[in-house]
Amino acid sequence: MSMQARIPATMMRGGTSKGLYFRAEDLPDEVAARDRILLAAMGSPDIRQIDGVGGADPLTSKVAIVSPSTREGADVDYLFCQVVVNEAVVDTKPNCGNMLAGVGPFAIEKGMVKATGSETTVRIFMVNSGMIAAATVRTPDGRVDYDGDVHIDGVPGEAAGIPIAFLDTEGSACGALLPTGRLVDTIDGIDVTLIDNGMPVVVLEAAALGRTAYETREQMNADAELKKRLESIRLLAGPMMNLGDVANQVVPKMSLVAPPRAGGAVCTRTFIPHVCHSTIGVLGAVTVATACVLPGSVGARVAKVPDGARKRVSVEHPTGEFSVDLDVGGTAESPKVERAALLRTARPLFEGAILVPARAWNADTQRRDTHHG
């Protein structure tokens, strides 16, 4: 046997993220063995990820593991893995709605889902949170079509739109939309809204921390004092959100909010959790938008939300905006978000085999279709 293991994989851009997509059958079932392989594939832990295909950024150090689903109402199962860049950590607690955008096309391309007409809807069970999303993929002539005229901020050019609808996302990780039962809590002297509508997020006013949320990503990442304060708040928020000790987790995300300045509903700067996001995550945007439509929340203090039961909430971020469509029921005093939908794009970048050192495997590691070369 040679010193390299060859594992079938596809590198894809999903939304504003990028990472490796695997069939579950091509990876070991044992978690520790799987994580060693993912760390080796991405080149972690190393700030450059020079010995792997990771891009030295949390947004480009992601993995989607996909398999046919046996669950009622789902076509495929999707496990998201955040491979930490500079630590030997693979975190499967959060979801990633950007990588989710590539799951439908990947499943069709790999024969897990059969194309049905000009469009194919793939029902995706998100293993990390137990939620189901429905992604609609263009499939003329029974094949995935990636070409189109949809532009999303944070990605150059245009591609085919992939509408994604989320149902029943409340409390995906925290057990409730508002895990403390309150719209506002105070942590370390700062008012925050602790909320989870698909992604655990701590929403706090930038002004309360002496910032504007109009700073560039580079300015935010260079602001050591701010990052230290945010981490202090995050560590205290974790247990309050039923997440336990979050010191080694990438959730909750920290989202600074301010009044919009580019025609949107709210301006954001989001940390994931220690690096300022160049955009904002899909489910993070859904959660922040949800906070903005809840009267009395920290988000609602600064947001300009449109009227009507169906609201398009434009979430501004460092490189543009992210529009979230919310169907809001309930009453004006006690609104309830019944459905969230958004539009993403995706594209495969290369496919073949990722090579990882044989030392990443235990002697008893087993998987189907293992090839060494």
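Look at strand β12 and which way its side chains go: K253, S255 and V257 point one way, M254, L256 and A258 point the other way, and all are buried. Buried here means under 20% relative accessible area, with exposed over 50% and partly exposed in between (1.4 Å probe, protein chains only). Strands are DSSP runs of E with at least two residues, numbered from the N terminus. With 6 of the 6 residues of β12 (residues 253-258) buried, the strand is largely enclosed by the rest of the structure.

A quick note on the source: this is a predicted model, where local features need pLDDT of at least 70, side-chain atom pairs count only at pLDDT 80 or more, and totals for chains, interfaces and linings use all residues. Residues are numbered from 1 along each chain as its sequence is written, and side-chain values use heavy atoms, leaving out hydrogens and water.

| Pair | Sense | Bridges | Partner of L256 |
|---|---|---|---|
| β12 and β13 (residues 266-271) | antiparallel | 5 bridges | R269 |

Now for the cysteines. How many disulfides are there, if one is a pair of cysteine sulfur atoms within 2.5 Å? The count comes to 0 disulfides. C267 is in no disulfide, and its nearest cysteine sulfur, that of C276, is 10 Å away. That is too far for a bond. C267 is buried, with a relative accessible area of 2%, and C276 is buried too, at 0% relative accessibility.

Conventions
A disulfide is a pair of cysteine sulfur atoms within 2.5 Å. Helices (H or I, at least four residues) and strands (E, at least two) are DSSP runs, numbered from the N terminus. Two strands pair if DSSP finds at least two bridges between them.
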